Amino acid sequence: KSTACQGCPNQNVCATKPKGPDPDVGDITEKMSKIKHKLIILSGKGGVGKSTFTAHLAHGLSSDNDKQIGVLDVDICGPSLPKIFGVEGEQVHQSGSGWSPVYVDDNLSLMSVGFLLSKADEAVIWRGPKKNGMIKQFLRDVDWGEIDYLLIDTPPGTSDEHLSIAQYLKESDVDGAIVITTPQEVALLDVRKEITFCRKVDLPIIGVVENMSSFVCPKCKVSTQIFPASTGGGQKMAEDMNVPFLGSLPLDPRIGKCCDEGKSFLTEVPDSPATQAYKQIMSKIVEYCTKRNENRESDSGEMKTN
Amino acid sequence: MDSLEILDEKLTECPANSEDAGRSSVCEGCPGQTLCRMQGGADPDQEIIDVRMGAIKHKVLILSGKGGVGKSTVAYLLSLALARCQSSKVGVVDLDICGPSIPKLFNVENQPIVQSPYGWKPLVSPNEDVKVMSVGSMLDSDTTSVIFRGPRKTGLIKRFLKDTFWGKLDFLICDTPPGTSDEHMAIVKLLKNVKPDGAILVTTPQEVAVATIKKEISFCRKMGVAVLGLVENMSGLVCPCCKETSEVFPGRGVVSLAESHNIPILGSLPMDPKVTECCENGRNPLENYPESPTVQGIMEISSRLIGLVNNG
């Protein structure tokens, strides 16, 4: 209703929306409270490897059989995760406690709009509000159970899906965002905007991962920068934007192949430099989450004694 | 909570792009119902858009569905090839509101958008004098994020078409963001009366990308947009050291997709680090590296496109 709203195409919708807190946020917060750590994987730029990274982070975390991992794919228009996990065509079931995610492994589950489409090739041509409604349903109605990690994979951009996630998870104590980029400036341009977005919505940033850093020619073994870091790449950008840099991942063509075949690159090619790099980045993320837990517990401990 | 059966029906039966938008029985309870109802029906700005777009011979959308396959790069290279090799007057409108790459590619980053009595003056790139319009040129700094929900993005896209003084052009290339959402619906709706020539679909070889292209083909079919053809980007990498071509994103999906859907392959573009470097620095690869296989590839694609739009 502000003067800044004059002429905005969204004005009528905003003005007539019911005021007051959204009751669904309460339900979502309650569901999220059973999940120890919530991580959001963002980019801003498309095709940098968000879904690939999310899937492999999930595989890596779930290699500890005592941990339960859930993955939520909020890319409504281009849901890649069912394919990357090798569970395309699986069905989602409904029970009294909500929608059951699809189990990729005993301790690894996935929810994606891809499972809800009767025909995988059909386009989901939805405007923003409908996508938001779907995301809300995913957060509110999926019964993850009590899990250790929920990884939320997002589409590129800073629009409806991202605003919705930030809004619906506001009270849910999200651990933070992992921002993926590739080295070239055209990608960094979009990723800087994503970092600004995270700050605007008070989403802590765990760090930046630079993907596709270099390509090793399988014939002559010389490393080529396919996406040249003409302005210093992800590391320099992270320094400039004052966010931690988690590491670089080289481009191994077998990664793409594993994703197409629905397999985990970490188990298929354990001796690749890319696998080592994934493991190092993963341990930094786990360390961050563990530390955050300890800080929270000691804070509440202090408050109790006070 | 919707049962899964009802959800499936809603997913496939959403009439957002038709006269029934917001008014069909399937719309009851949908969060987008109010918006669709408001946005359906006749639009007074459409007449102005029709006049502006009427002065442009060919309107071509560059679509993908999957991010990072090189839509903007293909839009850039194609517009240079059309201008240089086909002597065409070309404009590019960047419909990626959240992640606008076009100003950097065209080396117009420091040019401000100026108002004239006839509308916003599009920026003119030093590379082949291509006219460019992008939200990127309206931002104070490159860290400024544009956090718009759908309707606001749609509003801005409309202004790009309605308020920009494009003048007479042979081609308007519309670069889009990944997805099949607000921006894509907006451009198809806004260009409906002036009959765009169609869409070029860009993909990379791997199956994960090709799978999303099938959705994009479905989008085009549902929205009545002709598919002009496929471009396979990043089809291989010519190693600068040993000159062997390696597969970076292995896959054979594009050929089988083209066959099964009866769509021509307009061409394949390998990755050439020299061309990538040009794009990074806003330089013209057609001028600097004319012998590059990527440059050769885009020149062939541009002449195939000319053939298609002139025979259509």
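Is Glu268(A) buried, partly exposed or exposed? I looked this up before anything else. Glu268(A) counts as partly exposed, at 45% relative accessibility. I keep in mind that this is a predicted model.

**Entry 1: around Glu268(A)**

I placed Glu268(A) in helix H10 of chain A, which covers residues 265-268. I then listed its contacts, leaving out residues up to four places away in sequence. Glu268(A) touches Cys258(A) and Lys263(A). I also checked a distance to Lys34(A), 234 residues away along the chain. The C-alpha atoms of Glu268(A) and Lys34(A) are 32 Å apart.

Cys258(A) took me to helix H9 of chain A, residues 253-261. I noted the buried residues there: Pro253(A), Ile255(A), Gly256(A), Cys258(A), Cys259(A) and Asp260(A). So Cys258(A), which Glu268(A) touches, is buried by the cut-off of under 20% relative accessible area. Just past H9(A), I found Gly262(A) with a positive phi of about 70 degrees.

**Entry 2: the sheet in chain A**

I traced an open sheet of eight strands in chain A. I wrote down the order as E5-E6-E2-E7-E1-E8-E9-E12, with mixed pairing. Strand E5 (102-105) and strand E12 (245-248) of chain A are the edges, and each pairs on one side only. Neighbouring strands are turned against each other by 20 degrees on average, direction ignored.

What packs on this sheet and touches E1, E8 and E9 of chain A? I found helix H7 of chain A, residues 185-200. H7(A) touches strand E1 (37-42), strand E8 (176-181) and strand E9 (205-210). The direction of H7(A) makes about 170 degrees with that of E8(A).

**Entry 3: strand E7(A)**

I went on to E7(A) and its two partners. Strand E2 (residues 69-73) and strand E7 (residues 149-153) of chain A run parallel and are joined by five bridges. E1(A) also pairs with E7(A) in the parallel sense, over five bridges.

Then I went residue by residue. Leu72(A) has Ile152(A) as its bridge partner in E7(A). Leu150(A) in E7(A) has Gly70(A) standing opposite. Lys38(A) stands opposite Leu150(A) as well.

How many of the five residues of E7(A) are buried? I count five of five, and the strand is mostly covered. Tyr149(A), Leu151(A) and Asp153(A) point one way from the strand. Leu150(A) and Ile152(A) point the other way. I remind myself that in a regular strand the side chains alternate between the two faces of the sheet.

**Entry 4: Asn242(A)**

I checked a positive phi outside glycine. Asn242(A) has phi near 60 degrees. Asn242(A) sits in the loop between helix H8 (233-240) and E12 of chain A. I worked out its class from the relative accessible area: the value is 68%, so Asn242(A) is exposed.

**Entry 5: chain B in outline**

I turned to chain B. I recorded 12 helices and 11 strands. Of the 312 residues in chain B, 59% are buried. I also looked at its contacts with a separation of 6 or more: 76% of them are between residues 24 or more positions apart.

**Entry 6: H4 and H12 of chain B**

I took the pair made by helix H4 (residues 71-85) and helix H12 (residues 293-311) of chain B. The two pack at an angle of about 70 degrees, with their axes 9 Å apart. So I class H4(B) as roughly perpendicular to H12(B). H4(B) passes H12(B) in a right-handed crossing.

Which residues of H4(B) meet H12(B)? I listed Val74(B), Leu77(B), Leu78(B), Ala81(B), Leu82(B) and Cys85(B). On H12(B) they meet Thr294(B), Ile298(B), Met299(B), Ile301(B), Ser302(B), Leu305(B) and Ile306(B). The contact residues divide into 11 nonpolar, two polar and no charged.

I looked up Ser72(B), which lies in H4(B). Its relative accessible area is 13%, so Ser72(B) is buried. Leaving out residues up to four places away in sequence, Ser72(B) touches Ser101(B), Ile102(B), Leu105(B) and Asp175(B).

I found it in the loop between H4 and strand E2 (90-94) of chain B. Ser87(B) is not a glycine, yet its phi is positive, at about 50 degrees. Is Ser87(B) buried or exposed? At 64% relative accessibility, I note Ser87(B) as exposed.

Technical notes:
Residues numbered from 1 in each chain as written. Chains lettered and ligands numbered in written order. Predicted model: local features only at pLDDT ≥ 70, side-chain atom pairs only at ≥ 80, totals over all residues. Heavy atoms only, no water. Pairing = 2+ DSSP bridges. Helix = DSSP H or I, 4+ residues; strand = E, 2+ residues; numbered from the N terminus. Axes fitted to C-alpha atoms, helices over the stretch in contact; angles between N-to-C directions. Contact = heavy atoms within 4.5 Å. Parallel < 35°, antiparallel > 145°, perpendicular 65-115°, else oblique. Left-handed = near helix turned anticlockwise from the far one by under 90°. Nonpolar A, V, L, I, M, F, W, Y, C, P; charged D, E, K, R; others polar. Buried < 20%, exposed > 50% of the residue type's maximum accessible area, 1.4 Å probe, protein only.
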